[in-house]
Amino acid sequence: MTILNLVFIVFLGILFFIAYFHISNYILDTYGNKTLKRYNFENSIRVIVFITPAFIVLFIFILYPVFETIRLSFYDKFGREFVGLYNYKWAINDPEFRRSILNNLVWLLVVPTLSTFFGLVIANLADRIWWGSIAKSIIFMPMAISFVGAGVIWKFIYEYRGPENTQIGLLNAIIVSLGYEPQAWLTIPMWNNFFLMAIMIWIQTGLALVIFSAALRSIPKEMLEAARIDGASELKIFFSIIIPYLEQTILVIWTLITIIVLRIFDIIFAMTNGEWQTGVLANLMYDWMFRGGGDSGRGSVLAIVIMIGVIPILAWNLYKHRQEQKI
Amino acid sequence: MKKFSISSLLSQLLLLFFVIIWIIPTFGLFISSLRDKDLLAISGWWTSLTTTEVNEIYRMSGMESQIEEDGYFKIKGKLFEDNSEKKIESFGITSKKINEFNIGDVAIFKDESEVLLDEDGNYEWRSKTEFKKKKGKRLFTTSLSPPAFTFENYREVLFKEGIGRAFINTMAVALPSTLIPLIICSFFAYSLTWMKFYGRDTLLAIIIASLVVPLQMSLIPILTIYNDFGALFGVAAKSYPGVWMAHTGFGLASTTFLLRNFLKSLPNEMMEAAKVDGASHYDIFLRIIIPLSIPAFASIFILQFLWCWNDLLVGLVFLDQVPSEIILTAKLKELLGSRGENWEILTTGAFVSMTVPLFIFFALQRYFIRGLVAGSVKG
């Protein structure tokens, strides 16, 4: 497809939706009141005009797939023959699946906790320093770039050359200058997971930081002033006032990052492709969508496992969100 | 007072420490993308401002270029191209002693042949006996390369490696994938907020329930639908409109949710007054809702645009990995596999892929943060 064609279909695609709404509403506005005497009738046609596109998309891309995925998880690899719980039994006994669950759990334990912690500490530091907003911008920046881009950035840091060569990876250069042997960081089982997690922490700390920055302003200034006058150290204020005050926010951010981490795919796909025991659920699922021509049964089971992990956390988060809105 | 300033200094240092840790990875990538590729391959980017000592191995010409002169067999030539700024400092003839000789020394091989080398890489080999091998002898050189920065990497990546095309493809994916949901969701959110109809609350509950469905749940069934659709109509199953609709589907629930939260906060009286004046819902939508919603639209636009721009999974599953369709993230991932050692290509490619997000980030940070804080419900 040439670039010109591409530009053309992009315009056409966007125009199609604008035209749909404009033309159908124009017809209703022009002829509606004359031919459809009752306002209510015209109104209900307009409701249909307004919600139909979104509802069709919602149905095809979310509602139907949920039921279809659940159905497929009980069928064979082509989705034709009912196999009962076979795919689930396979998953429980599959060492790759267990490894992925374990890795996912470690990710869930480490990344949200550390990102939230760093975010809180940095927000608190930056709040009191005149160049704090510049610092916040810099730490927030990784939020804007893609996981794959971040993967390239960090792969460059972890780059490994044999001991006889000059190291061009920053981490190995530091290690060598301290007198140790260079390491191929991403291939050391178990530890490599932490090197991948560092990337995610580097990205997600920014998210925690901006939300905490906003929340910090809600702490009454008088309370902090009073504590300072009473001679409390900044550390004491941090632990005794700020953390208890932001407890809800901390939980919200922690769950937010947890949900992002549960679905983590890109970083691992780009950096190790799940090799050297770094696989997680989303990668395993992608793998089974295409491995050996694709196995929709096993892939569906993995998708369901991810959803079961996400639902309670996101539901809790939404519940909190709605509660806050009511207040 | 003194105690306060010490603690303030400590916090400043701690924050500085965090800032340095956070910026170094990106900074290193940026510097590397501007470095000469030969230097990039052999020295760390933190040495890019100093002169680098480069050790290289060259091979002289073999027997074909041999000439007889003054009773000697001679081979003359140059080790590297004329336009190089390299200056050779020292050289060697065995891998054990690569710095054995200085420029001007005559190096003598085991077979008693001799070689002379000048700092520009011109060599002259001579021997009493004829040279009988096709491959010439090896020379080990140590030269000093001054710092070298170049845009050559960008030219190469954009035009030769296909990153330029991938950039356009990504734009062609991200723009409609952002605008289409914005268009249809704004009407959807409007009707959910300001129109009365049977089943409205049920529909709203479905939207909120959809928020918790991770995108992985949809991949297999949608891919099957696309394949069936492609087979039925004899068209390519994976295509741009397919990706747009997939992104629209995955962003629909959160976009609608955010827009509805915003629309709900608008005063009811305004709509009622307009209705009394005879305005239709479409009039209200065009003349009241859209102007009032610009900031909300901006936040949602940025959020969804960055999401689509940075996405890998959807582009991987719903587009063919061919030059006319591959998106930046997928291309980068492909290069990580195929050109894993060519850091000039990887660093430059990554930086090109980051230009748009970084521009949005620095130009529209306020809206970005607002959208992110509000839109963190995306499932």
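A residue is called buried if 20 or more other C-beta atoms lie within 10 Å of its own, exposed if 12 or fewer do, and partly exposed in between, with C-beta atoms placed from the backbone. By this rule, buried residues make up 42% of the 379 residues in chain B, and 43% of the 327 residues of chain A count as buried. The structure is a predicted model, in which local features need pLDDT of at least 70 and side-chain atom pairs count only at pLDDT 80 or more, whereas totals for chains, interfaces and linings use all residues. Residues are numbered from 1 along each chain as its sequence is written, while chains are lettered from A and ligands numbered from 1 in the order in which they are written.

**View 1. Chain A and its helices.**
Chain A has 14 helices and 0 strands, where helices (H or I, at least four residues) and strands (E, at least two) are DSSP runs numbered from the N terminus. The radius of gyration of chain A, taken over C-alpha atoms, is 26 Å, well over the 20 Å that the globule rule gives for 327 residues, so the chain is more spread out than a compact globule; the globule rule is 2.2 Å times the number of residues to the power 0.38. Along its principal axes, the C-alpha trace of chain A spans about 85 × 60 × 50 Å. The domain assignment, whose bounds come from an automatic or database source, gives domain 1 (3-72) and domain 2 (88-326) of chain A, and the centres of these two domains, taken over C-alpha atoms, are separated by 39 Å.

**View 2. Helix H13 of chain A.**
Which residues of H13(A) are buried? They are A:Leu281, A:Ala282, A:Asn283, A:Leu284, A:Met285, A:Tyr286, A:Asp287, A:Trp288 and A:Met289. Because 9 of the 10 residues of helix H13 (residues 281-290) of chain A are buried, this helix is largely enclosed by the rest of the structure.

**View 3. Chain B as a whole.**
Chain B has 13 helices and 9 strands. The radius of gyration of chain B is 32 Å, well over the 21 Å that the globule rule gives for 379 residues, so chain B is more spread out than a compact globule. Taken along the principal axes, the C-alpha atoms of chain B fill a box of roughly 110 × 80 × 35 Å. The domain assignment of chain B lists domain 1 (21-48), domain 2 (52-146) and domain 3 (154-374), and the C-alpha centres of domain 1 and domain 2 of chain B lie 32 Å apart.

**View 4. The open sheet of chain B.**
Four strands of chain B form an open sheet in the order S1-S9-S4-S5, with antiparallel pairing; two strands are said to pair if DSSP finds at least two bridges between them. Strand S1 (52-59) and strand S5 (101-102) of chain B stand at the edges, each with a single partner strand, so one side of each is left without a neighbour in the sheet. S1(B) pairs with strand S9 (residues 138-145) of chain B in the antiparallel sense over 8 bridges, and the bridge partner of B:Glu53 in S9(B) is B:Leu144.

**View 5. Strands S3, S7 and S8 of chain B.**
Strand S3 (residues 72-78) of chain B runs antiparallel to strand S8 (residues 122-127) of chain B, the two being joined by 6 bridges, and B:Phe73 stands opposite B:Ser127 in S8(B). Strand S7 (residues 114-117) of chain B also pairs with S8(B), in the antiparallel sense over 4 bridges, with B:Leu117 opposite B:Tyr123 in S8(B). S7(B) and S8(B) form a hairpin with 4 residues between them, and B:Gly121 in the turn has a positive phi of about 100°.

**View 6. The contact between the chains.**
The contact takes 85 residues from chain B and 85 residues from chain A, two residues being in contact if their C-beta atoms, placed from the backbone, lie within 7 Å. Helix H1 (residues 2-33) of chain B contributes 14 residues, the largest share of the side of chain B that touches chain A. The residues of that side divide into 59 nonpolar, 25 polar and 1 charged, where Ala, Val, Leu, Ile, Met, Phe, Trp, Tyr, Cys and Pro count as nonpolar, Asp, Glu, Lys and Arg as charged, and the others, Gly among them, as polar.

**View 7. Two residues at the contact.**
B:Ser11 is found in helix H1 of chain B and, with 19 C-beta neighbours inside 10 Å, counts as partly exposed. Leaving aside its neighbours within four places in sequence, B:Ser11 is in contact with A:Leu125, A:Arg128 and A:Ile129. A:Val152, in helix H6 (residues 147-158) of chain A, has 26 C-beta neighbours inside 10 Å and therefore counts as buried. With the neighbours within four places in sequence again left aside, A:Val152 is in contact with B:Leu332, B:Leu336, B:Leu346 and B:Ala350.
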